[in-house]
Amino acid sequence: MDAARIGHFVDGERIDGTSGRHGDVFDPATGRRTGLVALAGAADVAVAVEAAGRAARSWRDASLARRTAVLFAFRELVHARRDRLAEVITAEHGKVLADAAGEVQRGLEVVEYACGIASALRGRFSENVSTGVDSYSLRQPLGVVAVISPFNFPVMVPLWFVPIAVACGNTVVLKPSEKDPGAALLLAEWFVEAGLPAGVLNVVNGDAEAVDALLDHPDVRAVSFVGSTPVARHVHRRATLTGKRVQALGGAKNHLVVLPDADLDLAADAAVNAGFGSAGERCMAISALVAVEPVADALVARIAARMAGLRTGDGRRGCDMGPLVTAAHLARVRGYVEAGVAAGAVPVVDGRDVVPDGDPNGFWLGPTLFDRVTPDMSVYTDEIFGPVLGVVRVDSYDAAVALVNANPYGNGTAVFTNDGGAARRFQHEVEVGMVGINVPIPVPMAYYSFGGWKASLFGDLHAHGEDGVRFFTRGKVVTSRWPDPRHGGVNLGFPTQT
């Protein structure tokens with residue numbers, strides 16, 4: 001079967017692009033090439049930015065009623081077609097259908113938040129700040145903005161940014177991952193079907209060349225990025241050099257701290273779910289379990305028992321965990337497993353031995369559990385982005401918090417305990433942006449904002465929620481004085497003014 005050719009979406013229609021460069025798109029469960037995606041060059045990016053710039057002149061003046069009508073219609077389209085979107089995600093990324101459907105649902109939550117944008121954009125008014133003088137604030141769109149999204153959430157991450165950006169009156173150039181571009185193109189087409197004018201949302205597929213072209217383009221006013229920390233740092237540095245506003249969400253090393261009083265069955269369930277869901281390809285995945293003694297032995301046994309029942313295979317067959325996204329990423333993650341064994345970590349469950357329910361040519365690695373991991377091992381220090389969970393044993397609550405806070409990342413962490421005082425102390429002392437208490441993956445609802453601290457975020461504002469509205473708008477304060485009508489003509493008396 002010939003691979004499908006995948007182009008860009010600019011000014012309301014699909015186009016092929018002019019760079020002449022292409023990349024392969026695979027079905028990770030079979031290892032077969034299913035698509036040939038155009039990789040945009042600077043000229044292709046310029047065409048998309050120009051289209052967005054033309055659309056910006058009228059879209060910024062569109063009423064809030066019109067913008068929200070589009071968003072409500074788009075929400076209904078995505079909701080009705082969520083199964084189709086999940087199938088595209090699974091076919092290109094590999095995550096199981098149930099997980100893909102959950103991704104769509106979490107993205108829809110941000111769309112629903114953006115449907116209420118009129119409330120979020122309300123300014124403030126102060127009467128008579130000086131005699132006869134009023135002052136009030138406005139929030140206005142930036143213009144053309146860029147969204148650069150990763151492979152692991154081809155629907156949810158674009159929906160973190162695009163709905164709020166367009167609801168605030170901006171136009172968007174979205175660059176999805178070239179590994180799984182199909183879902184982004186569908187979203188763009190459905191936005192137009194919902195009534196979004198051509199050019200308000202454009203999609204350019206590409207690699208680092210397209211990213212740098214967006215970062216350098218003088219008409220792009222802001223950049224939203226999600227990806228690894230090295231690339232997030234690059235995006236932030238390069239885009240801010242040209243005066244752009246940037247929110248660059250980077251990598252993570254998320255910890256799950258289990259205190260001695262915790263419900264160990266609940267903690268074991270959470271460790272398996274958060275460690276191996278989506279094959280560990282989540283920036284909020286738990287990859288380091290910190291067991292405060294004396295619970296480690298019992299906890300490791302419970303986790304291993306649960307892992308024995310997991311079924312790894314094709315996400316369209318009702319399996320628990322799918323493949324990794326590409327052969328190159330599979331090789332990278334397997335390398336970490338090998339490094340962990342060589343460093344002396346104990347492989348309680350070795351995912352390299354998995355027998356998948358799927359094509360043997362798929363990119364398979366089963367769930368992997370290491371015990372007795374130490375903080376100097378690469379399986380602890382690095383973001384692996386795969387189904388590898390390492391258990392670090394510590395002697396006290398203080399040692400657990402010190403370990404988390406010493407990590408260069410600060411995305412998310414969780415504590416499992418039945419002690420409310422310990423939980424409250426933990427949420428106060430831990431140096432991360434998102435905290436879960438008996439919740440392993442503390443991704444906030446859309447009306448709160450998503451983002452970490454330290455090397456997990458470059459920029460000042462987090463994704464969606466109130467921070468998202470602030471990011472995609474500029475504040476303006478107006479001070480006004482108007483002539484007093486009592487200085488005018490006819491006056492038949494009463495009322496009087498003092």
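The C-alpha centres of domain 1 and domain 2 lie 31 Å apart. This is a predicted model, and the domain assignment of its protein chain gives domain 1 as residues 4-250 + 456-478 and domain 2 as residues 254-437. Domain 1 is therefore written as two segments, whereas domain 2 is written as one, because these bounds come from an automatic or database domain assignment. Where the two domains meet, 22 residues of domain 1 are in contact with 25 residues of domain 2.

**Pockets**

Both domains also take part in the largest pocket: its lining draws at least three residues from each of domain 1 and domain 2. In total, 32 residues line the largest pocket, and Phe151, Lys179, Gly227, Ser228 and Val231 lie nearest its centre. Four elements, α8 (208-216), β11 (220-226), α9 (229-241) and α12 (327-343), each supply at least two residues of this lining. The largest share comes from α9, with four residues.

The second largest pocket has a volume of about 380 Å³. Its lining consists of 13 residues, and those closest to its centre are Ser119, Ala120, Arg122, Arg139 and Glu466. Two or more residues of this lining come from each of α5 (117-120), β7 (133-141) and α16 (465-471).

| Pocket | Volume | Classes of lining residues |
|---|---|---|
| Second largest pocket | about 380 Å³ | four nonpolar, four polar, five charged |

**Helix α7**

Helix α7 covers residues 182-193, which is 12 residues. From its first C-alpha to its last, α7 reaches 17 Å, close to the 16 Å expected at 1.5 Å a residue.

How many of the 12 residues of α7 are buried? Nine are, so α7 is largely enclosed by the rest of the structure. A residue counts as buried when its relative accessible area is under 20%. The buried residues of α7 are Gly182, Ala183, Ala184, Leu185, Leu186, Leu187, Ala188, Trp190 and Phe191. Just after α7, Gly195 takes a positive phi of about 115 degrees.

Key
Residues numbered from 1 in each chain as written. Predicted model: local features only at pLDDT ≥ 70, side-chain atom pairs only at ≥ 80, totals over all residues. Heavy atoms only, no water. Expected span 1.5 Å × (residues − 1). Buried < 20%, exposed > 50% of the residue type's maximum accessible area, 1.4 Å probe, protein only. 1 Å grid on protein atoms, 1.4 Å probe; cavity = no way out; pocket = protein on both sides within 12 Å on 5 of 7 lines; lining within 4 Å. Points joined across faces, edges and corners; volume = space filled by probe spheres on them. Nonpolar A, V, L, I, M, F, W, Y, C, P; charged D, E, K, R; others polar. Contact = heavy atoms within 4.5 Å.
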